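Hello,

Here is the structure for you to look over. Please open it first, then read my notes.

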Amino acid sequence: MPPRPRLLPLSAALASVIASLLALPAQGQTLNELYDSARGFDATYQGARAQYEANLARAAQAKAGILPAVGLTAGVTRSDLDIDTLTGTGRGTSASRDFTTQNVGINATQPLYRPANWATYEQGKRQADIAQAVLTIAEQDLIVRVSQAYFDVLASQDSLALVRAQKVAVAEQLASAKRNFEVGTSTITDSREAQARYDLVIAQEIAAENDLQVKKVVLDQLVGRPGSVPVPLAAPVVLPTAQPADINAWVTQADETHPAIRQARLGLDVAGLEVQKAQAGHKPTLDANLGYNVTRNPSGTSTSTVGTRVNAATVGVTFNLPLFAGFATENRIKETLALEDQSRSVLEGTRRSVAQATRAAYLGLVSGAGQVKALEAAEASSQSALDANKLGYQVGVRINIDVLNSQSQLFQTKRDLAQARYNVLLGNLKLRQANGTLTTDDMNAINATLARNGNSATPAVPAATTGAPVVPVTPPAIPVVPPVPVQPFNPPAPTMPSAPPAPVILNPPVR
């Protein structure tokens, strides 16, 4: 059988396609740069920030109940009197009297003993802490959302590059199958199988292009800048590990520092202070009063025709003791006690949810790291299997479909490996979000795995065991098998066998 044409090496084809189709601009944006853009643009985060400012102002209002209240008053009154004498001298006579009263004063009240006001003040301080916890949750959510959109774009770029590289390899396989069919060394089935696989890859390429455009739109909408270009991972890829490597340590840390748990605990404190406010309905109040008022009557008063001016300074204490309010206070206490129990249940439920989410995130990260190692080994095995099938196809011991299947398996493994690496990077952030310790420092650690200087280096094919991309080099050439003389293939025309005789039934059944 004459030798089959040697196929284009897959590594060289993949490297050339990636370099030509996914060459990005020289300057891209790192994860930190896009996160900074998102902080000033994302509507969800901006809304959380505004809510935080409003909650701080609301919490500060509670302090007014323990501070003095000062007021300035002023007024002018005109009085017109008609005086009728009913008894005594001048009985039955009447007179008119008009006068003006002018007054101005300043008065202050300082609460001395108001248990409800002090409970409200303590609630305000805790409400400020709750606002901070809510803002922290919003910041952590923004970090994860930006990172998710960032790596989604990178994953889509890798997927598109691999699909296009697979198209080049399948096109070469299709051309080889057609040439072999023309020289009579293969059947039309090889060509049709290669054509079917090529058409399938075209459909996959269209889907990958659309997916990349959608992922870019999501990222641009999140960070508020069109045409954002994420910087790919640096070579070699170094995946961070979860430290400490103890799931219980992560759960314990979550119980101590998670902002949602802290928010629930503060909510329980607020509910307890609300009970104290309700109980204060039975307690007395004591206020200090201080005032200075000036009253002036230029034309006298109703009893005097002499103009007067009165300067009055007052100092006093006001005591108030509620005696009965129609059982409103007792029922209010019952209500607040029930709400306190509800807040306690919310705290317990939050702790359980956080612990569950932390365990799930940790196990997912560990599983993802193991999956990366397994896929690296699978990539090496798939590459070896493809090389063996291509060599076997050249010498005639493998058929076209074997090579096509090996190519599909290799490209699928590469896509899964790239996605698994991105999932591990995101898993580190999601683990810290789950236990409530996620900060921008953790994002900086992820940002350090990107290409330096913001250069969007061309992503290369990842290695099998080290996780490092392979530098595009020309692989060793597959030795060409020398031609073997073969007699012309002229088989005789097939003869149709004669039909067997019909079976003889000796004893037919009686119906």
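The notes below cover a sheet and a helix.

This is a predicted model, where local features need pLDDT of at least 70, side-chain atom pairs count only at pLDDT 80 or more, and totals for chains, interfaces and linings use all residues. Residues are numbered from 1 along each chain as its sequence is written, and side-chain values use heavy atoms, with hydrogens and water left out.

The sheet: 4 strands form an open sheet in the order β1-β2-β3-β4, with antiparallel pairing. Neighbouring strands are turned by 20° against each other on average, direction ignored. (Strands are DSSP runs of E, at least two residues, numbered from the N terminus; two pair if DSSP finds at least two bridges between them. Axes are lines fitted to C-alpha atoms, and angles run from 0 to 180 degrees between N-to-C directions.)

The pairings: β1 and β2 (residues 94–113) run antiparallel, joined by 16 bridges. A74 has V104 in β2 as its bridge partner. Between β2 and β3 (residues 285–297), also antiparallel, there are 11 bridges. Q110 has A288 in β3 as its bridge partner.

The helix: α4 (residues 115–183) has 69 residues, so at 1.5 Å a residue it should span 102 Å. Its end C-alpha atoms are 101 Å apart, which agrees. (A helix is a DSSP run of H or I, at least four residues; the expected span is 1.5 Å times one less than its number of residues.) After α4 comes G184, with a positive phi near 85°.

Best wishes
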